[in-house]
Amino acid sequence: MISITTKSPYALSALVELYHHGDRGPVPIAELARRREIPVQFLEQLFATLRRSGILRSHRGVKGGYTFARPGTEITVLEIVELLDGPVGAGATGVFATAASAVRSVLGESTVSDVAEAETRAATTPMYHI
């Protein structure tokens, strides 16, 4: 069916933070976890899966941390969700299959860079108070 746990939103949030860091080198997982208020141990588990799948690259040592193994423009939200939560819509029939197809379409069209840019736009949008 359509089941997205906290794994995918947490991982996406941390990946967006990593994307915002740019090409300034590896980012320690503790820093990503602190900035996004994610438990470090939980994020370590998620990043291990993303590293094994080829989305992230880990760097050891004092200046170690994580970088993208592939550009954020190529990593879809659907890919992250299916790696961490399993196939979206597996076994769905009828109206649920239609809903799963719509979810797959939206998530498949959204990349890490799209989410990061939308977050930046939302943060810089002026607020008008009366």
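Q: Which residue follows helix 3, and is its phi positive or negative?
A: Helix 3 is followed by G54, and the phi of G54 is positive, near 90 degrees. Helices are DSSP runs of H or I with at least four residues, strands are runs of E with at least two, and both are numbered from the N terminus. This is a predicted model, in which local features need pLDDT of at least 70, side-chain atom pairs count only at pLDDT 80 or more, and totals for chains, interfaces and linings use all residues. Residues are numbered from 1 along each chain as its sequence is written, and side-chain values use heavy atoms, with hydrogens and water left out.

Q: How do you know that the span of helix 3 agrees with its 13 residues?
A: The expected span is 1.5 Å times one less than the number of residues. For helix 3 (residues 40–52) this gives 18 Å, and the end C-alpha atoms are 18 Å apart, so the two values agree.

Q: Which residues of helix 3 are called buried, and what covers them?
A: The buried residues (under 20% relative accessible area with a 1.4 Å probe, protein chains only; over 50% is exposed, and partly exposed lies in between) are L43, L46, F47, A48 and L50. Their cover includes helix 1 (7–21), helix 2 (29–36), helix 4 (77–85), strand 1 and strand 2.

Q: Why does A33 count as buried?
A: A33, found in helix 2, has 2% relative accessibility and therefore counts as buried. Beyond its neighbours within four places in sequence, A33 is in contact (heavy atoms within 4.5 Å) with I38, V40 and L43.

Q: Why does T76 count as buried?
A: The value for T76 is 19% relative accessibility, so T76 counts as buried. T76 lies in the loop between strand 2 and helix 4. Apart from neighbours within four places in sequence, T76 is in contact with L107, G108, S110 and T111.

Q: Why does E37 count as exposed?
A: E37 reaches 70% relative accessibility and therefore counts as exposed. E37 sits in the loop between helix 2 and helix 3. Its phi is positive, about 55 degrees, although E37 is not a glycine. Most residues other than glycine have a negative phi.

Q: What makes helix 1 roughly perpendicular to helix 2?
A: Their axes (lines fitted to C-alpha atoms over the stretch in contact, with angles from 0 to 180 degrees between N-to-C directions) come within 9 Å and cross at roughly 110 degrees. That makes the two helices, helix 1 and helix 2, roughly perpendicular; the class runs from 65 to 115 degrees, with under 35 roughly parallel, over 145 roughly antiparallel and the rest oblique. In helix 1, S13, A14, V16, E17, L18, H20 and H21 meet L32, R35 and R36 of helix 2.

Q: Why are helix 1 and helix 6 called roughly perpendicular?
A: Helix 1 and helix 6 (residues 112–124) pack at about 75 degrees, with axes 9 Å apart. The two helices, helix 1 and helix 6, are therefore roughly perpendicular to each other. Among the residues that meet are L12, L15 and Y19 in helix 1 and V115, A116 and E119 in helix 6.

Q: How do you know that strand 1 and strand 2 pair?
A: Pairing needs at least two DSSP bridges between two strands. Strand 1 (residues 56–59) and strand 2 (residues 65–68) have four bridges, in the antiparallel sense. The bridge partner of H59 in strand 2 is G65. Five residues lie between the strands of this hairpin, and G61 has a positive phi near 105 degrees.
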